[in-house]
Amino acid sequence: MSLFRCPVCGGPLERGEHACRCPAGHSYDIAREGYTYLLPPNQKHSAAPGDDRGMAQARREFLSKGYYEPLLNTLCDQILARCGDSPAILDAGCGEGYYTSGIYQALCVAGKAPRMAGTDISKVILRAAARREKGVEFAVASSFHLPLADGSVDLLLDCFSPLALEEFRRVLRPGGTFLYVVPAAGHLWELKQVLYDRPYPNEEKETPYEGFAYASIVPVDDTITLTSQADIHALFQMTPYYWKTPKAGAERLAALDSLTTRIAFRVHIFQKL
């Protein structure tokens, strides 16, 4: 039985070889890569929502080189310490599946038997995720309309994705764990110094959310060195700065053949009340 539910009637989905079906007869094809499309037309705000092909490729190429491995390792450590032997886990806004796959593999190596799902609104990027990890269920879906049953998830991860608190509360079981990853104040500071004349740090704050209790805030701080223009451009393209940087700043970055910059994340860990 799939972790996902029918987005039309909410019924359980049975995953077959080529399609997922609910008892009411609604059917959803499983794409060649292995993901399922569970985004109804009334939840789409554009013809092709989410990250485009260029951003998907940039993220895949950059992350595959291990630059953000310190964050992945921290997530694996925290999740291993907080889940049971057979946890149900959702990565909401999973992107190309770098963290999803890494966490799934770490759980399996530790002798656990996870049931794991990943969702993203971008069909383009879900193709990469489904190709990367066959042990995880992937579906094109909105975080604000998750195709999962109430209280069906033990642990939910949101890594740089939209914060859909109402849905996260709904699908998490009581006592379940919610990990919310955000950039810290100094994240990519040296990159921003190249792009902008007057860069400013990211805002850092501790925000209590209704229905959740803070467990901890785990810092991840490191330095990375990018040794090619291709890697520099891939990092640039997967950030929000790509869309709002003045032309002069983008040209300065394009002239570099290496860049050393800080990476800084904060993993906010909550428990559902």
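**Ground rules.** I am working with a predicted model, where local features need pLDDT of at least 70, side-chain atom pairs count only at pLDDT 80 or more, and totals for chains, interfaces and linings use all residues. Residues are numbered from 1 along each chain as its sequence is written, and side-chain values use heavy atoms, with hydrogens and water left out.

I started with 3 strands that form an open sheet in the order 1-2-3, with antiparallel pairing. Strand 1 (14-15) and strand 3 (27-29) are at the edges with a single partner strand each, so one side of each has no neighbour in the sheet. For the record, helices (H or I, at least four residues) and strands (E, at least two) are DSSP runs numbered from the N terminus, and two strands pair if DSSP finds at least two bridges between them. Strand 2 (residues 19-21) pairs with strand 3 over 3 bridges, and I found Arg 21 opposite Ser 27 of strand 3.

**Entry 2, strand 7.** Next I looked up the partners of strand 7. Strand 4 (residues 36-37) runs parallel to strand 7 and is joined to it by 2 bridges; Thr 36 has Ala 139 as its bridge partner. Strand 6 also pairs with strand 7 in the parallel sense, over 4 bridges, and Ala 117 stands opposite Glu 137. Which way do the side chains of strand 7 (residues 137-140) point? Glu 137 and Ala 139 go one way, Phe 138 and Val 140 the other, and all are buried (under 20% relative accessible area; exposed is over 50%, partly exposed in between, with a 1.4 Å probe and protein chains only).

A pocket here is an open set of points on a 1 Å grid over the protein atoms alone, where a 1.4 Å probe fits, with protein on both sides within 12 Å along at least five of seven lines; lining residues have an atom within 4 Å of a point. Volume is the space filled by probe spheres set on the points. The largest pocket holds about 1,100 Å³. Its lining counts 44 residues, with Arg 59, Phe 160, Ser 161, Met 238 and Pro 240 nearest the centre. Strand 9 gives the most to this lining, with 4 residues. The second largest pocket has a volume of about 290 Å³ and is lined by 14 residues, among them Glu 203, Lys 205 and His 268. Strand 9 gives the most here as well, with 3 residues.

I then turned to the nonpolar cores, meaning sets of buried Ala, Val, Leu, Ile, Met, Phe, Trp, Tyr and Cys residues joined through side-chain atoms within 4.5 Å. The largest has 55 residues, and Val 267 is one of those with the most contacts inside it. Leaving aside neighbours within four places in sequence, Val 267 is in contact (heavy atoms within 4.5 Å) with residues including Leu 71, Leu 75, Tyr 180 and Val 218. A second, separate core has 29 residues, including Leu 3 and Phe 270.

Is Tyr 196 buried or exposed? At 18% relative accessibility, Tyr 196 counts as buried. I located Tyr 196 in the loop between helix 6 (189-195) and strand 10. Beyond neighbours within four places in sequence, its contacts are Tyr 241, Lys 244, Thr 245, Pro 246 and Arg 252. From Pro 12, Tyr 196 is 184 residues away in sequence and 50 Å away in space, C-alpha to C-alpha.
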